[in-house]
2 protein chains.
Amino acid sequence: MIYLDNAATTYPKPEKVIETINFHLRNLGGSTGRGQSQWAIEISRKVYDVRTKVAQLLGVNDPLRVIFTYNATYAINMVLKGLLKPGDRVILSSMEHNAVVRPLRNLEKRGVELVFIPCNAEGVINLDTLRNQARQGAKLITVLGASNVSGTIQPIAEIGKISYDNDILFLVDGAQLAGFEPVEIDNWHIDAFAFTGHKGFYGPQGTGGVVLSSRLASLLEPLIEGGTGSKSEEEYQPVFLPDKFESGTLNSTGIIGLGAGIDFLLENGMDTIASHERMLRDYLIENLEMEKSINMFGLLDSQKTTGILSFNVKNQDISTITNILDRVYGIMVRGGLHCSPLAHKTLGSFPYGTIRCSFSHFNTQDELLYFSQSLKEILRRG
Amino acid sequence: MIYLDNAATTYPKPEKVIETINFHLRNLGGSTGRGQSQWAIEISRKVYDVRTKVAQLLGVNDPLRVIFTYNATYAINMVLKGLLKPGDRVILSSMEHNAVVRPLRNLEKRGVELVFIPCNAEGVINLDTLRNQARQGAKLITVLGASNVSGTIQPIAEIGKISYDNDILFLVDGAQLAGFEPVEIDNWHIDAFAFTGHKGFYGPQGTGGVVLSSRLASLLEPLIEGGTGSKSEEEYQPVFLPDKFESGTLNSTGIIGLGAGIDFLLENGMDTIASHERMLRDYLIENLEMEKSINMFGLLDSQKTTGILSFNVKNQDISTITNILDRVYGIMVRGGLHCSPLAHKTLGSFPYGTIRCSFSHFNTQDELLYFSQSLKEILRRG
C-alpha cells in the first residue's frame with residue numbers, strides 16, 4: 001500500500017513513537033498532575049518535557065504556555081469561543097479550514113462580525129487588504145498557517161506584525177505548518193498557535209494543543225473546567241497555566257508519544273524532511289504537468305508550500321479516480337473538499353474538490369513514479 | 001510496585017488493549033470518517049464497532065447517540081455549557097466532582113441557579129429532598145453515578161424516574177460507574193451519560209464520551225465545531241449524530257483500544273470483576289477496622305459501592321503516609337481531595353482529604369494484605 005494522505009494524519013508513525021507508547025501503556029500507571037507517587041511524578045515530568053520540546057520548536061519562552069488538547073480543532077474553538085463576544089470584529093482569510101469557519105459562522109449568528117480577506121487563486125493572502133482592514137480595528141485576526149488543500153504557506157511573520165501594529169490578537173491555525181517550517185511564535189507576535197500532534201509532529205491521534213501568549217491567556221475564558229489535580233480544595237477553576245485550560249485526565253501516553261515524534265523530527269532534521277517533501281512535490285508536478293487533462297491548484301513553486309499537491313482531471317469524477325487508485329493500485333490519496341469549502345472557492349476547485357496527494361518523511365520518488373504511472377493508466381482508459 | 005489508584009486510571013491495561021493499539025499504530029493509516037480508502041473505511045468501521053459496544057453495554061438503542069470525546073470532563077462541560085442559559089435552574093448532589101462543580105460555579109456567575117441536594121455522611125443522596133426540589137421545576141438534574149472518593153453508588157434509576165416525572169433533563173457523571181455496574185441509559189431516562197475510557201473500561205487515556213438522548217441531542221449546542229468529514233461543502237456544523245458533536249480528528253487508535261478494553265471487561269464478566277473488587281474492599285476493611293486510629297469514610301457495605309475505600313488516620317498527615325507507602329513499600333495509593341472538595345465536605349473529610357485505595361480486576365488479596373501490614377507498620381512507628 002502507498003499512503004499519500006499525510007495531511008490528514010502521517011503514516012507510518014516512526015518506530016520510536018510506537019515503542020514509546022507501547023512502553024508507557026505497559027509500564028507506567030497514573031495520570032499527569034494526579035498524585036505524588038513515583039509513577040505519577042515520572043509521567044508528569046515526561047509530559048512537562050514534551051511541553052518544553054513543543055515550546056522550543058515553536059519559539060516560545062515558557063513551556064507552561066503550551067496547552068495540550070484533544071486536537072487542533074478543539075484548540076481553535078477554545079480560542080474563538082473563549083474570546084469573542086457579540087459586536088467583536090474578526091478578520092480571517094478566504095483559505096480557512098472549517099475548524100475556523102464553522103465556529104465563526106456560528107458566532108456570526110450571535111453578532112460577531114466576520115471580515116474575509118481574499119487570497120489569490122494560488123491561495124496567498126492579500127496583505128494590502130489585510131492591512132487596510134486591520135487599521136479599521138478588530139478583536140482578532142485568524143489565519144491558516146499553511147493550506148490543507150494546496151499547501152500554500154501564508155506570510156505569518158508579516159501578518160503578525162500587522163496584528164501587533166494594530167493591537168489586534170492573532171490566531172494561527174498551525175495544523176499543517178507545525179513540524180514543517182520553523183515557527184517563531186513569540187517573535188512573530190502570535191497570540192494563539194493551534195497545532196496537532198498527529199501530522200507534522202509524527203505523534204499519535206488524540207494529541208494537539210495551542211500555545212497562548214500571556215495576554216491572551218489572561219483574557220481567555222476556559223471552554224472546559226473541572227479537575228486539574230491542582231487547587232483541589234477550590235470549586236472554581238484555577239487561573240494559572242496550563243491548568244486553567246487543561247481539565248480532566250490528559251492523554252498522557254499520547255503526549256509522551258508525541259514527544260517521541262518531535263524527537264524523530266529533530267533527529268532527521270525538520271529542514272531535511274521539508275526539503276524531501278518539496279523534492280517529491282516537484283517530482284510529482286514534473287510527472288503530471290504534461291497531462292493536459294490535469295489541472296493543478298495553488299502554487300507550483302514548492303518552496304512556498306508544504307508537501308501537498310492538489311489537482312483535478314477534466315471531465316472526470318474525482319471519487320471514481322481515487323477509488324480505482326485505492327482498490328486497483330493500492331494507492332491512498334484523498335479526494336473531495338477536505339473540510340475546506342472556502343479554500344476550494346478561492347482556488348477555483350469548488351464544488352467538486354480535488355485529488356490531494358500529501359507527503360511525509362517516509363514517501364519516496366519510486367512511490368510517486370508508480371502513482372503517476374497508475375494515474376495516467378486510469379486516464380488513458382477513460 | 002503495587003498500584004491501588006485505579007479510580008484515577010486503571011493499571012495495568014489488559015494485554016489485548018496494548019496489542020490492539022500497537023497493531024493499529026503500526027498497520028493502519030488514516031482517520032475515522034475521512035476519505036474512502038480501504039484503510040479509512042476499516043478505521044471508520046472499527047470505531048463504529050466501538051460505538052456499538054458502548055451502546056450495548058450502557059443500554060442504548062442507537063450507537064450514533066454515543067459521542068466520543070477527549071475525556072469525561074469534556075463530555076460533562078459539553079452538556080452543561082451547551083445547554084444551560086442564565087435563569088436556568090440546576091439540581092445537583094453534594095457529592096459532585098469538580099468536573100461538574102467548576103463549570104457550574106462559573107455558570108452560576110452568569111445567572112444559572114444551583115440547588116444542592118444534600119447527601120448523608122455516607123454519601124447517599126436524599127431522594128425526598130431531590131423529589132421536592134424537582135417538583136419546583138428545573139432544567140437539569142446532574143448526579144455523579146458513583147463517588148470517586150467513597151465509591152458510594154447513587155440510585156440512578158430512581159433519580160431518572162424523578163427527572164422524567166418532572167420533565168427535567170438528567171445528566172449522569174458516569175466516570176466511576178461505567179464498566180462497574182450495569183447501566184440502562186434508555187430505561188432509566190438518562191439524557192446524558194458521561195463516561196471515560198481509561199477507568200472501568202480498561203482503555204487508554206484520551207478516550208471517553210457521552211451518550212445523549214435524542215431530545216437532548218437536538219437541544220444541545222455543540223461546544224466544538226469544525227471539520228467532520230461530512231457535509232464538507234458546508235460552512236455550518238452538521239446537525240446529525242454523531243458529527244454534530246465530534247469535530248476534528250478523533251483519537252481513532254485510542255477508541256479502537258477502548259473497544260479492546262470493553263471486550264476484556266465482557267470476557268471476564270463485569271459482574272465477576274465487580275464482585276472481585278468488592279471482595280477486596282471487604283477484605284481491606286476487615287484488615288483495617290481494628291486499627292483505632294483509622295477512620296473510614298462512606299458506606300462500609302461494599303455491595304453499595306464501587307471498588308474504592310477512603311480513610312484517614314487520626315493526627316497523621318496524609319501525604320507523609322502516602323509518600324512512605326510509595327517510597328519505602330512500593331505501594332501507590334492516592335492522598336488528598338481527589339478534585340472533589342464538595343464530596344469531602346459531605347463525608348466529613350474536608351479539608352485534609354483521605355487516603356484512597358481503588359481496585360481493578362488485577363489487584364489481589366495478597367497485595368492488600370501487604371498494604372495493610374505496611375500501613376500498620378508505618379502507624380506503629382508514628
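In this predicted model, the side chain of B:Asn251 reaches the backbone oxygen of B:Gly206 at 3.0 Å, and that side chain also reaches the backbone nitrogen of B:Gly254 at 3.0 Å. B:Asn251 lies in the loop between helix H7 (214–219) and helix H8 (252–268) of chain B, helices being DSSP runs of H or I with at least four residues, numbered from the N terminus. The residue is buried, with a relative accessible area of 3%, where buried means under 20%, exposed over 50% and partly exposed in between, for a 1.4 Å probe and protein chains only. Leaving out residues up to four places away in sequence, B:Asn251 touches A:Tyr70, A:Gln205, A:Gly206, A:Asn251, B:Gln205, B:Gly206 and B:Thr207, contact meaning heavy atoms within 4.5 Å.

Residues are numbered from 1 along each chain as its sequence is written, and chains are lettered from A, with ligands numbered from 1, in the order in which they are written. Local features need pLDDT of at least 70 and side-chain atom pairs count only at pLDDT 80 or more, while totals for chains, interfaces and linings use all residues; side-chain values use heavy atoms, with hydrogens and water left out.

From this residue the description passes to the two chains together.

The contact takes 85 residues from chain A and 85 residues from chain B. Between them the chains bury about 6900 Å², 52% of it on carbon and sulfur atoms, buried area being the accessible area (1.4 Å probe) that two parts lose on being put together, summed over both. A:Tyr70, A:Arg102 and A:Glu235 supply 13% of the area that chain A buries against chain B, more than any other three residues. There are 10 salt bridges between the chains, each a side-chain nitrogen of Lys or Arg within 4 Å of a carboxyl oxygen of Asp or Glu; one of them joins A:Arg26 and B:Glu15 (2.6 Å, N to O).

Conventions
Helix = DSSP H or I, 4+ residues; strand = E, 2+ residues; numbered from the N terminus. Polar contact = N/O pair within 3.5 Å; in protein donor to acceptor, adjacent residues only side chain to side chain.
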